[in-house]
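Dear colleague,

Please find below the structure that I am handing over to you.

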Amino acid sequence: MKKVLSGIQTSGRLTLGNYIGAIKNFVELQETHESYYMLADLHAITVQQEPAALRSYIEEVALLYVASGLDPDRSTIFLQSSVPSHAEMGWLLTTIAYLGELERMTQFKDKSFGKESVGAGLFTYPALQAADILLYNPDLVPIGEDQKQHVELTRDIGHRFNTRYGELFTLPEPLIQKTGARIMSLDDASKKMSKSSPTPASYILMLDPPEVIRKKVSRAVTDSGREVKYDPATKPEISNLMTIYTHCSNLTFAEIEAKYEGQGYGNFKKDLAEVIVATLLPIQQRYEELRSSGSIYDILRKGAKEAEAVARPVLLEAKKRMGFINL
Ligand code: TYM
């Protein structure tokens, strides 16, 4: 069975972009792959987090993983911070990564742009991500488009380690879906929908109530035309909304185009809001049930044990190869 590993940072509340670009695929992949899904809570603190907020984000991501269909009997679901091998391996790989390659990371450039002082962790972030991945030797890393560069760097770091110290790491492939790998903001189709955006109108949260979803979709920016047509180059706003539509329904782009032909954008937007609500509402209901049951901590404890059992031997082997003495 092939192996997959992926993760989501617990640095904010999850958006529909996280669902379509990541979680929905995680749920499908667990059927056919040995699966490891992490909550990247150590990565979350690369920008300053208020402790109470961090704790609530961690809980929310964990509950949303399970409420969306990740099954703790099929997937290992765990907190990065509860598996000490990640931080240790992160340090080893920080020494293998080059300054130049870290400087080229667009996520670092975006997040540090215009800031007076930037935490060093934001810079070394991709070495920790390489550790997250290489510790499990996955074949595939399912991600949205924006994480591709980090997986490519992971491969470079893994390859460098293998060349210096002997083959140890599998070099994983990024798994990026054809559509939905980059859901754009509702107010600006040139920007990614992001949980760290300061503008709530730009995103739909997985836990937004139906009325809020309806309002945000009705206010989503469109072009001044009338044609519901998938053409990202000339109609980026409508194409983005159609991408969301297709992922929240069983309709293809062609079927959506046919359904709204000659009708302008009104009905299209109304129905889009309803398919989003129909996708998220059952997840929101399971979220509430799970939250009140308190079982999420048992799931995370079980996941931590399973993950450490896989990661620890790989860490010890890497240390041995590098010349450390494992007592
Ligand atoms: P993060 O937390 O920014 O995003 C989590 C996942 O959601 C995808 N995503 C999107 N997909 C489509 N449209 C969007 N608007 C959108 N926004 C986010 C991301 O591409 C990602 O797949 N560094 C990672 C977390 C991480 C990780 C790992 C991932 C840490 N260690 C190891 C994979 C393997 C991050 O910040 O993702």
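The notes below treat the ligand site, then the nonpolar core, and then a number of individual residues.

The model is predicted, so local features are reported at a pLDDT of at least 70 and side-chain atom pairs at a pLDDT of 80 or more, while totals for chains, interfaces and linings use all residues. Numbering starts from 1 along each chain as its sequence is written, and side-chain values rest on heavy atoms, with hydrogens and water left out.

The ligand site

The shell around the ligand holds 28 residues, of which Tyr125, Asp132, Asp146, Ile183 and Lys195 come nearest; a residue belongs to this shell if one of its heavy atoms lies within 4 Å of the ligand. By type, the shell is made up of 12 nonpolar, 11 polar and 5 charged residues. Here Ala, Val, Leu, Ile, Met, Phe, Trp, Tyr, Cys and Pro count as nonpolar, Asp, Glu, Lys and Arg as charged, and the others, Gly among them, as polar.

The side chain of Tyr125 places an N or O atom 2.7 Å from a nitrogen atom of the ligand. Gln129 has a polar side-chain atom at 2.8 Å from a ligand nitrogen atom. Gly144 takes part through its backbone, with an N or O atom 2.9 Å from an oxygen atom of the ligand. On its own the ligand has 710 Å² of accessible area, and the protein covers 98% of this (Shrake-Rupley method with a 1.4 Å probe; for residues, only the protein chains shown count as cover).

Two or more residues of the shell come from each of strand 1 (3-9), helix 1 (16-29), strand 2 (34-40) and helix 7 (120-134). Strand 1 gives the most, with 5 residues. Helices (H or I, at least four residues) and strands (E, at least two) are DSSP runs, numbered from the N terminus.

The nonpolar core

The largest nonpolar core comprises 62 residues, and those with the most contacts inside it are Leu16, Leu39, Tyr65, Ile244, Phe268 and Ile276. Such a core is a set of buried Ala, Val, Leu, Ile, Met, Phe, Trp, Tyr and Cys residues joined through side-chain atoms within 4.5 Å. Helix 12 (residues 266-293) is the element that gives the most to this core, with 10 residues. Because both domain 1 (3-176 + 294-322) and domain 2 (200-288) give residues to the core, it lies between them; the domain bounds come from an automatic or database domain assignment. In soluble globular proteins, nonpolar side chains tend to be buried together.

Individual residues

In what follows, buried means under 20% relative accessible area, exposed over 50%, and partly exposed in between (1.4 Å probe, protein chains only).

Phe268 sits in helix 12 and is buried, at 0% relative accessibility. Its C-alpha atom is 9.3 Å from that of Leu241, 27 residues apart along the chain.

Leu14, in the loop between strand 1 and helix 1, is likewise buried at 0% relative accessibility. The C-alpha atoms of Leu14 and Leu207 are 7.9 Å apart, although 193 residues separate them along the chain.

Ser239, in helix 10 (residues 236-248), is buried with a relative accessible area of 3%, and its side chain reaches the backbone nitrogen of Asp231 at 2.9 Å. Ser202, in the loop between strand 5 and helix 9, is buried at 2%, and its side chain reaches the backbone oxygen of Thr199 at 2.7 Å.

Asn137 has a positive phi of about 45° although it is not a glycine. Asn137 lies in the loop between helix 7 and strand 4 (140-142) and is buried, with a relative accessible area of 19%.

Two exposed residues complete the notes. Pro198, in the loop between strand 5 (173-175) and helix 9 (210-219), is exposed at 78% relative accessibility. Ala254, in helix 11 (residues 253-259), is exposed at 52%.

Yours sincerely

Terms used:
Polar contact = N/O pair within 3.5 Å; in protein donor to acceptor, adjacent residues only side chain to side chain.
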